[in-house]
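Thanks for making the time.

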Amino acid sequence: MFRIGFGYDVHRLTEGRPLVLGGVTIPYPMGLLGHSDADVMIHAVMDGILGALGKGDIGQHFPDTDPKYKDMESLVMLKTVMVWMKQEGFRINNLDCTIVAEKPKLAPHIPVMKQKLSIILEVEKDQVNIKATTTEGLGFCGRGEGMAAYAVVSIVDIKTDYSS
Ligand code: MG
């Protein structure tokens, strides 16, 4: 059994918040606004996995009205989603994601994000791909009002032998 999931998320940029992307705190005068640490990329990844599992979305499982998730590290929530995925008998096959941000330059931080994600997703680093793009100054991302992230994830049944 082979499944694909898609995730998309947006968060507003604001002053007085740390910028956390892909589990990495990036030096920048602004950060993403949200109930948790607002890691837009990890939220897209979580929605991708939940999508592949047919299990709704993160808003359902981690409601922003629940004080338990206030300022919570999104990587911790991702670990929870991984537990659910494994309980259903799946493993990650690969992840591809894109962060949409006008600033700052994310390329220097991507290797650390990949490292962190590959450990949590229990895959090799080459099974995790992280891209960053601007929108050439267009739209809310281009104006620096917020950031967006897209993720596509494929998962496979642990019991299936794909070697033949
Ligand atoms: Mg979110």
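Start at Asp96, whose bridge partner in β6 is Asn129. That pair belongs to the β5-β6 contact, where the two strands run parallel and are joined by six bridges. Before going on: this is a predicted model, and every value I quote is computed from it.

On its other pairing, β5 meets β7, and here the direction is antiparallel, with 10 bridges. Within β7, Val156 is the bridge partner of Phe2. Then β1 pairs with β4, again antiparallel, over three bridges. An example there is Glu15, bridged to Met30 in β4.

Put together, that is an open sheet of five strands, ordered β4-β1-β7-β5-β6, with mixed pairing. The edge strands are β4, at 30-32, and β6, at 128-133; each has a single partner strand, so one side of each has no neighbour in the sheet. From one strand to the next the twist averages 20°.

Helix α3, residues 74-87, lies across β5 and β7 and runs at about 145° to β5, which spans 90-100. Helix α4, residues 110-121, also packs on the sheet, where it touches β5 and β6. The direction of α4 makes about 145° with that of β6.

For the whole protein chain, the count is five helices and seven strands. Reading from the N terminus, the order is β-β-β-β-α-α-α-β-α-β-α-β. The radius of gyration is 16 Å, close to the 15 Å from the globule rule for 164 residues, so the chain is as compact as a globular protein of that length. Along the principal axes, the C-alpha atoms fill a box of roughly 50 × 35 × 25 Å.

Taking contacts between residues at least 6 apart in sequence, 70% join residues at least 24 apart.

Next, the interior. Of the 164 residues, 46% are buried. Which residues have the most contacts inside the largest nonpolar core? They are Leu21, Met41, Ile49, Leu78 and Leu121, in a core of 46 residues. Elements giving two or more residues to this core are β2 (19-21), β3 (24-26), α1 (40-53), α3, β5, α4, β6 and β7. The most comes from α1, with 10 residues.

Take Ile49 as a case. Setting aside neighbours within four places in sequence, Ile49 contacts Leu78, Val81, Met82, Met85, Ile92, Leu121 and Val153.

Two more residues are worth a look. One is Ala148, in strand β7. Is Ala148 buried or exposed? Its relative accessibility is 3%, and the cut-off for buried is under 20%, so Ala148 counts as buried. Again leaving out neighbours within four places, Ala148 touches Tyr8, Asp9, Val10, Val40, Thr98, Ile99, Val100, Phe140 and Cys141. Between Ala148 and Ile49 there are 99 residues of sequence separation and 17 Å from C-alpha to C-alpha.

The other is Phe90, in strand β5. With a relative accessible area of 5%, Phe90 is buried too. Beyond four places in sequence, Phe90 touches Met1, Arg3, Leu53, Met85, Ile155, Val156, Asp157 and Ile158. Among these, Val156 has already come up as the bridge partner of Phe2. As for Glu124, its C-alpha is 16 Å from that of Phe90, at a sequence separation of 34 residues.

Last, the surface. The protein chain exposes about 8,300 Å², and carbon and sulfur atoms supply 54% of that. I will stop there and take questions.

Definitions and conventions: Residues are numbered from 1 along each chain as its sequence is written. This is a predicted model: local features need pLDDT of at least 70, side-chain atom pairs count only at pLDDT 80 or more; totals for chains, interfaces and linings use all residues. Side-chain values use heavy atoms; hydrogens and water are left out. Two strands pair if DSSP finds at least two bridges between them. Helices (H or I, at least four residues) and strands (E, at least two) are DSSP runs, numbered from the N terminus. Axes are lines fitted to C-alpha atoms, for helices over the stretch in contact, and angles run from 0 to 180 degrees between N-to-C directions. Contact means heavy atoms within 4.5 Å. A nonpolar core is a set of buried Ala, Val, Leu, Ile, Met, Phe, Trp, Tyr and Cys residues joined through side-chain atoms within 4.5 Å. Buried means under 20% relative accessible area, exposed over 50%, partly exposed in between (1.4 Å probe, protein chains only). The radius of gyration is taken over C-alpha atoms; the globule rule is 2.2 Å times the number of residues to the power 0.38. Accessible areas come from the Shrake-Rupley method with a 1.4 Å probe; for residues, only the protein chains shown count as cover.
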